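Have the sequence and the coordinates open while you read.

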Amino acid sequence: MVGGTSCVRIEQPLPQPPRLVYEFSYGLEGWNIATTTPYDPLFPVWQESYGGKIGVINLTSCTYPAHDQRAGGPTYSILKKRMQLPRTVRRLNIVAAKKVGGWPESGYSDGFLAVKINGQELARWYLRAWKDAKPHWLSYSVNISSWAGQTVLVEIIGVPGGDGKACFTCTGTCDNEDVMVDSIRIIVPDGRKG
Ligand SMILES: [Ca+2]
Ligand SMILES: [Ca+2]
């Protein structure tokens with residue numbers, strides 16, 4: 001410093017850890033959608049908002065004998081993306097909720113959310129709608145460090161199942177199985193935590 005009366009401090013930006021964040025605020029954000037039964041009308045869709053969250057993906061699914069016969073098998077909805085994972089990648093986090101289903105006098109709805117990398121299923125979580133017609137958003141997390149630095153196919157899948165029935169005549173497996181995905185975050189430690 002000259003004169004000691006002023007000091008220009010140059011802000012050095014902290015190095016940001018690489019983190020791949022998909023909020024789906026404006027659409028699919030580079031992800032692709034697919035279904036296991038292309039001729040079935042069920043299909044994953046982007047929604048502008050749901051349950052207080054902006055931009056969500058609705059992964060719907062269905063299986064029961066008549067449906068499977070008509071559609072050529074169980075219908076799973078898939079959100080997928082091929083990507084190169086950072087060399088120090090740790091986890092894949094998903095914020096999701098079961099779509100509200102069911103009525104207080106009858107029942108609830110449920111379904112599963114699965115994660116695959118290169119076709120290998122790493123996790124399958126059970127999501128259940130509560131009877132209070134309010135989506136309960138939860139964070140789901142899976143370790144993907146085994147694929148660090150690799151180019152992989154990531155698939156986030158809506159899977160039908162569970163015994164929750166939204167109505168007395170519902171099947172439980174094609175019964176508002178929809179799972180809502182609010183965000184996907186691929187987490188890399190920044191060296192100070194995690
Ligand atoms: Ca179900
Ligand atoms: Ca979102």
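Predicted model: local features only at pLDDT ≥ 70, side-chain atom pairs only at ≥ 80, totals over all residues.

Residues are numbered from 1 along each chain as its sequence is written, while chains are lettered from A and ligands numbered from 1 in the order in which they are written.

**The open sheet**
- You'll find 5 strands here, in the order S2-S5-S10-S7-S8, with antiparallel pairing; strands are DSSP runs (E, at least two residues) numbered from the N terminus, and two of them pair if DSSP finds at least two bridges between them.
- Strand S2 (32–35) and strand S8 (120–128) are the edge strands, each pairing on one side only.
- On average, neighbouring strands of this sheet are turned by 20° against each other, direction ignored; the axes are lines fitted to C-alpha atoms, with angles from 0 to 180 degrees between N-to-C directions.
- Inside the sheet, S5 (residues 77–84) and S10 (residues 151–159) share 8 bridges in the antiparallel sense, and Ile78 has Ile157 in S10 as its bridge partner.

**Strand S11 and its partners**
- S11 (residues 179–187) is mostly covered, with 7 of its 9 residues buried (20 or more other C-beta atoms within 10 Å of the residue's own, C-beta atoms being placed from the backbone).
- S6 (residues 91–98) runs antiparallel to S11 over 8 bridges, with Ile94 partnering Ile184.
- S1 (residues 20–22) joins S11 through 3 antiparallel bridges, and Tyr22 has Ile184 as its bridge partner.
- S4 (residues 53–59) is also antiparallel to S11, over 3 bridges, with Ile57 opposite Val181.

Conventions
Helix = DSSP H or I, 4+ residues; strand = E, 2+ residues; numbered from the N terminus. Buried ≥ 20, exposed ≤ 12 C-beta atoms within 10 Å, placed from the backbone.
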